[in-house]
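Some notes follow for a colleague who is opening this entry without having seen it before. Please read them with the structure in view.

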Amino acid sequence: MLYMYFARRLLATGLAALLWGAVATAAQAVEPPLTFAAAVQRGLARAPQIEARAADVAATHEEAARAGRLPDPALTFGIASYPVTAPGAFSLRSDGMTMRTVGVMQAIPSRAARAAERGLADAQIGAAEANRIATAQTVQERIADAWIDVWITERARALLGELSGESALAVQTTQARLRGGEGGASDALAARAAASLLDNRLEATDADIAAAQASLQRWVGPITGPLGEAPDFSRLPVSAQSLQRSIDEQAPMQAWTAREQVAQAALDQARATRHPDWSVSAEYGKRAPRMSDMLTVQFSVSLPLFTHNRQDRGISARQAQRDAVQADHEDARRAQQETVARAAATWEGWNRQIERYQQTLLPLARDRAQTALAGYRGGGVLQPWLDARRDEIELRLSYADALAARARLWASLAYLLPSEVTP
């Protein structure tokens with residue numbers, strides 16, 4: 001009976017383990033492939049940089065809410081007309097003019113100064129928003145590069161894996177000829193060495209895939225399924241001509257527009273110092289018994305009379321800084337035009353090269369290797385196949401590099417125009 005009990009327990013445990021494994025396998029099986037677009041969206045949703053820039057924007061909005069407001073009033077209190085010499089020195093009652101005072105004072109900056117402060121706060125909001133957009137573009141590009149790294153290493157692995165069968169066939173052929181007395185031992189050793197070198201290439205590519213997946217997981221989290229199909233990297237979502245016409249709208253340039261607006265707002269603030277500021281105060285004085293209490297109301301105004309070496313100097317400095325930002329903005333615009341033109345031209349060049357790889361170079365290399373192996377099997381020498389195999393491996397890796405270079409250029413151009421990013 002005890003034996004039957006343990007047997008049933010063991011059977012139940014085994015069935016539970018099998019069921020759990022089946023459920024886990026099914027869960028992994030229904031995991032959709034991670035497409036390029038899905039990786040970018042998932043990475044943006046969990047990128048700390050996006051949250052940080054959104055917090056910066058929120059902070060500038062909070063600062064803007066208080067910009068242009070009147071400063072806090074000041075409470076004043078003290079003693080007025082207090083005697084310090086005889087007779088009646090240091091007495092609050094010896095002189096009828098002595099009084100204890102309490103009052104309030106309010107500073108009133110000029111309307112121009114408050115308007116300039118609001119303008120600067122609005123410009124800083126624009127700068128924070130431009131920084132958020134530029135950060136989103138950088139993050140999108142880095143996520144795209146990480147996805148492309150995984151995709152291209154998997155492609156390279158597949159391209160090399162297609163040659164494994166021919167390597168095995170070459171090894172079998174050399175051994176068969178050796179046993180038949182037609183081939184030499186050096187051919188058999190050379191074929192085995194070629195197969196081992198291919199295995200090493202495959203092992204290195206497997207390591208590259210694992211490393212690339214680690215980089216992608218930094219952005220998108222755990223990857224439980226395969227990658228989805230890549231987008232068509234031979235077609236840009238926005239034409240190169242449209243990108244050239246929209247230089248100022250591109251994400252890297254928006255920061256310069258915002259800097260120029262901040263510099264202009266700082267210049268407006270400096271100009272506002274030529275307008276006088278006001279203040280008003282009211283003070284109540286409590287005097288000795290049987291003496292009337294006193295009320296004092298005062299107005300004051302600043303007098304920017306000597307502006308040549310004061311306000312005008314600050315205005316000139318802010319204007320020079322604004323002019324410097326404008327000049328740097330123009331230089332950045334020209335540099336961006338150059339960058340876009342060079343990237344588009346290089347991308348188009350990769351398109352032509354990849355087409356040549358696909359239509360001419362790769363088929364020719366495949367035919368050369370197959371012809372050389374067929375010649376060896378028909379009684380020829382092995383060296384032509386070894387040379388063809390080596391050249392084909394290098395050609396396939398060069399083709400993978402070309403695909404990667406084109407894809408990265410595509411990503412750098414595709415995300416130049418900002419899109420709405422919700423943190």
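1. Arg396 makes contact with Leu159, Glu162, Leu163, Leu362 and Arg366, leaving aside residues up to four places away in sequence. The model is a predicted one.

2. Is Arg396 buried or exposed? Its relative accessible area is 8%, and the cut-off for buried is under 20%, so Arg396 counts as buried. Arg396 belongs to helix α10, which covers residues 383-414.

3. On confidence, the average pLDDT of the chain is 88, and 91% of the residues reach at least 70. Residues 1-29 stay under 50, and the model gives them zero contacts beyond four places in sequence. Where pLDDT is low, the predicted coordinates should not be read in detail.

4. Helix α3 takes in residues 48-66. With 1.5 Å a residue, its 19 residues should span 27 Å; the C-alpha atoms at its ends lie 28 Å apart, which agrees.

5. Which residues of α3 are buried? They are Ile50, Val57, Thr60 and Ala64. These residues cover an arc of only 80 degrees around the axis, and therefore sit on the same side of α3. As background, an α-helix has 3.6 residues a turn, so residues three or four places apart point the same way.

6. The buried residues of α3 pack against α2 (36-45) and α4 (111-161). Pro48, Glu62 and Arg66, on the other side of α3, are exposed.

7. Just after α3 comes Gly68, with a positive phi of about 80 degrees.

Definitions and conventions
Residues are numbered from 1 along each chain as its sequence is written. This is a predicted model: local features need pLDDT of at least 70, side-chain atom pairs count only at pLDDT 80 or more; totals for chains, interfaces and linings use all residues. Side-chain values use heavy atoms; hydrogens and water are left out. pLDDT is the predictor's confidence in each residue, from 0 to 100. Contact means heavy atoms within 4.5 Å. Helices (H or I, at least four residues) and strands (E, at least two) are DSSP runs, numbered from the N terminus. Buried means under 20% relative accessible area, exposed over 50%, partly exposed in between (1.4 Å probe, protein chains only). The expected span of a helix is 1.5 Å times one less than its number of residues. The arc is that of the directions from the helix axis to the C-beta atoms.
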